[in-house]
Amino acid sequence: MKKILAALFILIFSFCLAGCRDKQIKAGDISYIEIQKGSFKTVYNVDEKINFDNVYIVIVLKNDKGHIVQKVTPDMLEGFDTSTTTGPTQRRSMRVKYLGMYTSYWDYVVVSEYNIITKARLKLNEKIEGDNFFVTLNLDFQDLSPVYAFMMTVRFDSSQLDYNDDVLLYNSGWELEKRNINPGSFTFIYYCGKEGRAVVQSGDLLRFCFNKKVAGSVNVEIEEITLSDGNNDINLPDVKLI
């Protein structure tokens, strides 16, 4: 028992000492700082976030006084961006700042099934009214040029939902055409007609209505999302409502 208590005392004392050293440390005490191995990845998916529970830097002190392992917080990180994909030969770089000092740059790439060149995103919102299950598609416009058409595929679990072909269009003068209609999926084109105007800001685009068969959460996915500004086709990441 005495040996166990002694070991616990040493462990607690070590943590307290490390905490005191960390609080008292100044920039002038630091020789250099580096990212601890395993903190970051070299490949991230588009829109992926960093789990800061696993991100640390090693602070190496001058005059052979040892080192301190410091947890990294989001405000210490510079250069992390997964809103768009990187090209075949492109790299992005991030680094950590601590007491005015920087680590070396950490290079990474951002990948996706599609080439994502915009920060714009499609979002899904749900609403239940009796047996009706409504799914609204909302566009976060961000850095887009005026949009004249959307094309995408809707997928849903046909054991949970029945699509009842009731669609609400929020943009006056726009039209919708469905294609490739199958059980549990269909593709549609939503486009600006002769009397319509281009989408130039964030807002709701349209609303689909389903009949809900079961209680609880349901699965709806929007895939293969493509926008057109009249000159270029622009991809957006898939989005899910689960």
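I started with charges over rings, meaning NZ of Lys or CZ of Arg within 6 Å of the ring centre and within 35 degrees of the ring normal. The charged end of Arg 95 sits over the ring of Tyr 102, 3.5 Å from its centre. I found Arg 207 placed over the ring of Phe 134, with 4.0 Å from its charged end to the ring centre.

A note on the source: this is a predicted model, where local features need pLDDT of at least 70, side-chain atom pairs count only at pLDDT 80 or more, and totals for chains, interfaces and linings use all residues. Residues are numbered from 1 along each chain as its sequence is written, and side-chain values use heavy atoms, with hydrogens and water left out.

Glu 78 stands opposite Arg 95 in β6. Strand β5 (residues 77-78) pairs with β6 in the antiparallel sense over 2 bridges; pairing takes at least two bridges found by DSSP. β6 also runs antiparallel to β8, joined by 3 bridges, and there Met 94 has Trp 106 as its bridge partner in β8. With strand β7 (residues 101-102), β6 pairs antiparallel over 2 bridges, and Lys 97 stands opposite Tyr 102 in β7. In the hairpin of β6 and β7, which has 2 residues between the strands, I saw that Leu 99 takes a positive phi near 50°.

Is strand β6 enclosed or open? I got 5 of its 7 residues (92-98) as buried, so β6 is largely enclosed by the rest of the structure. Buried here is under 20% relative accessible area, exposed over 50%, partly exposed in between, with a 1.4 Å probe and protein chains only.

Then I turned to ring pairs: rings of Phe, Tyr and Trp (its six-membered ring) with centres within 6.5 Å, stacked if the planes are under 30 degrees apart, edge-to-face if over 60, tilted otherwise. I counted 14 aromatic pairs by this rule. Tyr 44 and Tyr 108 are edge-to-face, 5.8 Å centre to centre with 90° between the planes. Tyr 44 lies in strand β2 (residues 43-45) and Tyr 108 in strand β8 (residues 106-111), 64 residues apart. Both Tyr 44 and Tyr 108 are buried.

Why is the pair of Phe 186 and Phe 188 called tilted? Their centres are 6.5 Å apart and their planes at 45°, so the pair counts as tilted. Phe 186 is buried at 2% relative accessible area, and Phe 188 is buried at 1%. Ring pairs link both into a cluster with Phe 156, Tyr 163, Phe 208 and Phe 210.

Technical notes. Helices (H or I, at least four residues) and strands (E, at least two) are DSSP runs, numbered from the N terminus.
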